[in-house]
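Thanks for coming. I will go through one structure today, starting with a cavity and ending with some backbone details.

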Amino acid sequence: MKYELPELGYDYNALEPHIDEKTMRIHHQKHHQGYTDGMNQVLEKHSGKLDQPIEELLENLESLDIPQAEKTKLRQKGGGFVNHRLFWNIMGPNKRVDDELVEEIEQTFASVDSFKEEFSKEAGNIFGSGWAWLVKNDEGELEIYSTANQNSPYLQGHEPIIGLDVWEHAYYLKYQNKRGTYIDHWWKTVKII
Ligand code: MN
């Protein structure tokens, strides 16, 4: 199974002024393309053994019958592929609020604002490159945590719902060392809550 680079669904400048066009172009066309190509290389090399969807391969990574180095590559590149696919999809210029999700967030975190606060804190505390997540865990409950590098929540059987990329490539051109400012502005691009 071979994947194409997913489309953004909006223009590269659509998230201005919060996320600048140049960052979006490089992030999508270079970084996400790189993860897509790297993942496809592993999938093609072991075609026949890896014919499930990438989410399932990540969930069952350790039991796959491929060399350890290829598992590592699939975790990194396949993780990068699914993480960014979600990232583009939860952002956008037009709100399309998911009422059901909002209700679940309110039930779990008391309010959307307190959820945002907790999530932003998690994101701000990541040391080095990684992602902050809102996931649905294996008990079907919403949970906030972070992962290092491109590690996907699918690795532990969790469904990612909202993900924030805090790798420097996601914000450094515009925000440099001000990760907290990037996080505050990023919320203005999230269209589903
Ligand atoms: Mn990224």
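The largest share of the lining of the largest cavity comes from helix 1, which gives three residues. Before I go on, a word on the source: this is a predicted model, where local features need pLDDT of at least 70 and side-chain atom pairs count only at pLDDT 80 or more, while totals for chains, interfaces and linings use all residues. Residues are numbered from 1 along each chain as its sequence is written, and side-chain values use heavy atoms, with hydrogens and water left out.

Helices here are DSSP runs of H or I with at least four residues, strands are runs of E with at least two, and both are numbered from the N terminus. A cavity is a set of points, on a 1 Å grid over the protein atoms alone, where a 1.4 Å probe fits but cannot get out; a pocket is an open set with protein on both sides within 12 Å along at least five of seven lines; lining residues have an atom within 4 Å of a point. Volume is the space filled by probe spheres set on the points, and grid points are joined across faces, edges and corners.

The largest cavity has a volume of about 30 Å³. Its lining consists of Ile 19, Thr 23, Met 24, His 27, Phe 87, Ala 170 and Tyr 182.

His 27 comes up again at the metal. Which residues coordinate the manganese ion? They are His 27 (NE2), His 84 (NE2), Asp 165 (OD) and His 169 (NE2), at 1.9 to 2.1 Å. Donors are N, O and S atoms within 2.8 Å of the metal (3.2 Å for Na, K and Ca), and water is not among the atoms, so sites may look incomplete. Along the sequence, the spacing of the donor residues is H-x56-H-x80-D-x3-H. His 27 lies in helix 1 (residues 21-45) and His 169 in the loop between strand 3 (159-165) and helix 6 (172-175), so this pair ties together parts 142 residues apart in sequence. Both His 27 and His 169 are buried; buried means under 20% relative accessible area, exposed over 50%, and partly exposed in between, with a 1.4 Å probe and protein chains only.

Next is helix 4, residues 99-109, whose buried residues are Leu 101, Val 102, Ile 105 and Phe 109. Seen down the helix axis, they fall within an arc of 100 degrees, so they line one face of helix 4; the arc is that of the directions from the axis to the C-beta atoms. These buried residues pack against helix 5 (112-124), strand 1 (130-136), strand 2 (142-148) and strand 3, contact meaning heavy atoms within 4.5 Å. On the face turned away from the buried side are the exposed residues Asp 99, Glu 100 and Gln 107.

The pocket lining includes Leu 86, Arg 96, Asp 98, Glu 100 and Lys 136. Two or more lining residues come from each of helix 3 (68-90), helix 4 and strand 3.

Last, the backbone. Ala 110, in the loop between helix 4 and helix 5, has a positive phi near 80 degrees, in a residue other than glycine. Gln 176 has a positive phi too, near 45 degrees, and lies in the loop between helix 6 and helix 7 (179-186). Glu 16 and Pro 17 are joined by a cis peptide bond, with omega about 0 degrees.
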